[in-house]
Amino acid sequence: EIETACLHYMRSLGWKVEIYESKATYNPFQKRWRTSSMKAGTPDCMGVLPDGTSISVEFKSKGRLSTLRDEQREFLINRIEMNCFAAVVDSAARLKELFNKWNDLRYCTPQKSQEYLKENLPKKRKSREKDLDLGDF
């Protein structure tokens, strides 16, 4: 599993990370679904590097990076702009690649490290409404 492999990699580097579940759960006594108290867009994994730098990582299934939601993208961009490591990954290899390049850039050219992470976020999907030609109605 992607999450397990990524956690193994992160912890091998001394990262202190936690998984944040934001899924709805069913309450049989109330006979309804309860949503999590997590804010929309909160990534799956957050923590700190050994030097105190904050990290936020969203895990996606292999080949499903494009399923990143707008709220998730916004959260990650906000973190990147605060010089945190924030990324969307579908493998431990991608996490390692993104982290190593970002880490190489962050001390000498912080602006470039931010740009690198933003460029590697999945592209925002176009809204279907924008694709429709409403002039015929």
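Contact here means heavy atoms within 4.5 Å. The model is predicted: local features need pLDDT of at least 70, side-chain atom pairs count only at pLDDT 80 or more, and totals for chains, interfaces and linings use all residues. Residues are numbered from 1 along each chain as its sequence is written, and side-chain values use heavy atoms, with hydrogens and water left out.

The protein contains 5 helices and 6 strands. Helices (H or I, at least four residues) and strands (E, at least two) are DSSP runs, numbered from the N terminus. Along the sequence, the pattern is α-β-β-β-β-β-α-β-α-α-α. Of the 137 residues, 38% count as buried. Buried means under 20% relative accessible area, exposed over 50%, and partly exposed in between (1.4 Å probe, protein chains only). Among contacts between residues at least 6 apart in sequence, 60% join residues at least 24 apart.

Asn83 lies in the loop between H2 and S6. Its phi is near 65°, a positive value in a residue other than glycine. Asn83 is partly exposed, at 43% relative accessibility. Ser91 sits in the loop between S6 and H3. Ser91 is buried, with a relative accessible area of 14%. Neighbours within four places in sequence aside, Ser91 is in contact with Ile2, Cys6 and Lys62.

Two packed helices are described by the angle between their axes and the distance between the axes. The axes of H3 (residues 92-106) and H4 (residues 110-119) come within 7 Å and cross at roughly 160°. Axes are lines fitted to C-alpha atoms, for helices over the stretch in contact, and angles run from 0 to 180 degrees between N-to-C directions. H3 and H4 are therefore roughly antiparallel to each other (angles over 145 degrees). The crossing of H3 past H4 is right-handed (the near helix is turned clockwise from the far one by less than a right angle). From H3, Glu97, Leu98, Lys101, Trp102, Leu105 and Arg106 meet Pro110, Lys112, Ser113, Tyr116 and Leu117 of H4. The residues of this contact comprise 6 nonpolar, 1 polar and 4 charged. Ala, Val, Leu, Ile, Met, Phe, Trp, Tyr, Cys and Pro count as nonpolar, Asp, Glu, Lys and Arg as charged, and the others, Gly among them, as polar.

Ser113, Gln114, Tyr116 and Leu117 are buried in H4. Seen down the axis of H4, these buried residues fall within an arc of 160°, so they line one face of the helix. The arc is that of the directions from the helix axis to the C-beta atoms. The buried residues of H4 pack against helix H2 (70-80), strand S6 (85-89) and H3.

Note on methods: Parallel < 35°, antiparallel > 145°, perpendicular 65-115°, else oblique.
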